[in-house]
Amino acid sequence: MSEEEKSMEGQRVLIVDDLEPNRLILEEIIKNMNCVPVLAESGQQALELVKKQLPHLVLTDISMPEMDGYELCRRLKSKEATRSIPIVFISAFDNPQDIVEGFRLGGADYITKPFIAELVQARVGVHLRLYETGFKLAEMNRRLQISVSEQLRQMEQEKKNILYALANIAAQNADYDKDYTGRLKRNCQILAQGMQLSPLFEDKISDTFIDAIELAAPLCDIGNIGVPAEILRKEGNLTQEETAALQKHTTIGAKLLSDLYVNNDYNDFINTSIDIARCHHESWDGSGYPSGMAGNEIPLAAQIVAVMAEYCRLTGKDNHSREAALDIMRGEAGQKFNADIFGICDKISRQLC
C-alpha cells in the first residue's frame, strides 16, 4: 500500500444517489481506495447519516426526487460543523451551467456518468487529501493559538506580579502596616458588592467591575516608588516642596501603569488601576489632587478606594477603632468622599476587615 493510500485508509465517503446500481458501483470504487463507503438513497437520509457521524467527503447525485444534490449541498454548507466537508457532484449531464451552479454552491468538483473508476478515485483522492491537510492545519492553528494564549496569560500574570511587588515596596517605604494592602483589596471588594445591591449604584457596578477593583486597589499608591522614603515617613508637617513631591505619586503611578502593555483580557484591570492610581486623592468637593476633580468627575473606582484607603489607614497605622474611624470619616462625607458611598460603607462596616 502506498503512502497516499495509507493516508486515506478508513476515511468515510458518503455516497448519495437514488439509484441503487450507481450506489453499488461507487461503493466498490471507494472500497478499492481503502476508504469506508456510507450509502444514502436520498438527500434527507444523507443528512440523518451526517448527524450521526461526519464524513470526510460527500459524493452526491444532482438529480434526485424531493431533495436534489444542490439542496443537499446548500444545507451542508449552511452549518458550521459540515461547511468544510468537500462535496463532489455526480451527474449524467455535463451542462456547463450545471457545473457552474455546483461550484457556486460550494461544491469541490464534478464527475459525469458513466463512471470511470480511475477518474473517480483520482478526484476523490485529491479532495480527501486536501480535506485532511486542511483539517491538520486547522488543528495545528488551534493548538498554536492555545499555546500563544497561555504564554500571553503567563506574561501578563508575571507583569501583575511585578506590579504587586512594586506596590508592596511602595507600601513599605510609606511605613504602612504589613496587612494594609490585603485589607484594602478585600474591603474595596466588600464595599463594591454592597454598592451593587444599592439602587443608587446597581446600574454602575457589574461583577466584572468588582473583580477589576479587587485586583487594582492594591496598586493605588504604586507611584510612591518614585517618592523619597524620607518624605513618605516624615513625622509632622511637610514643606511645600515635599508636599508637591508626595502628590506626584498619583501621576507617577498612573504613568507607570499606562506604559504597561497588556492584551485585551487585562484591559479592565489596567484601566481601573490607572483611574485609581491617578484619582484616589481627588476630593468630592474639588479640593483634592492632582487635577482638582469634583463629584462624579472622579472615576467611581477611585471614589471607592478613597473611602476604603482612609478607613484602612485610620484602623491600621493610626490605630483607631472601627467606630472612631467611621466617626472621623462621617465628618468628611460630602467633602472628601461621596456621601452616598460612605453611607453604604457605614451600613456594612461590620463586614470590613
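Modeller: Strand S4, residues 87–91, is largely enclosed by the rest of the structure, because five of its five residues are buried; buried here means under 20% relative accessible area, exposed means over 50%, and partly exposed lies in between, with a 1.4 Å probe and protein chains only. Helices (H or I, at least four residues) and strands (E, at least two) are DSSP runs, numbered from the N terminus. This is a predicted model, in which local features need pLDDT of at least 70 and side-chain atom pairs count only at pLDDT 80 or more, while totals for chains, interfaces and linings use all residues. Residues are numbered from 1 along each chain as its sequence is written, and side-chain values use heavy atoms, with hydrogens and water left out.

In a regular strand the side chains alternate between the two faces of the sheet. In S4 both faces are covered, with Ile 87, Phe 89 and Ser 91 buried on one side and Val 88 and Ile 90 buried on the other. Strand S3 (residues 57–61) pairs with S4 in the parallel sense over four bridges, where pairing requires that DSSP finds at least two bridges between two strands. Within this pairing, Ile 90 of S4 is the bridge partner of Asp 61. Between S3 and S4 the chain passes through helix H4 (residues 69–77), and this β-α-β crossover is right-handed, a term that applies if, with the strands pointing away from the viewer, the path from the first strand over the helix to the second runs clockwise. S4 is also joined by four bridges to strand S5 (residues 109–112), to which it runs parallel, and here Val 88 has Asp 109 of S5 as its bridge partner.

Beyond S5, the loop between S5 and H6 contains Pro 114, which is joined to Lys 113 by a cis peptide bond with an omega of about -5 degrees. A cis peptide bond also joins Tyr 289 and Pro 290, with omega about 10 degrees, and Pro 290 is found in the loop between helix H12 (267–279) and H13. In the loop between helix H2 (20–31) and strand S2 (36–40), Asn 34 likewise has a positive phi, near 65 degrees, in a residue other than glycine, and at 28% relative accessibility Asn 34 counts as partly exposed.

Turning to charged side chains, a salt bridge is a side-chain nitrogen of Lys or Arg within 4 Å of a carboxyl oxygen of Asp or Glu, and by this rule the count comes to 20. Glu 71, Arg 74, Arg 75, Glu 101 and Arg 104 are linked in a network of such salt bridges. Asp 346 is partly exposed, with a relative accessible area of 24%, and Arg 330 is partly exposed at 39%.
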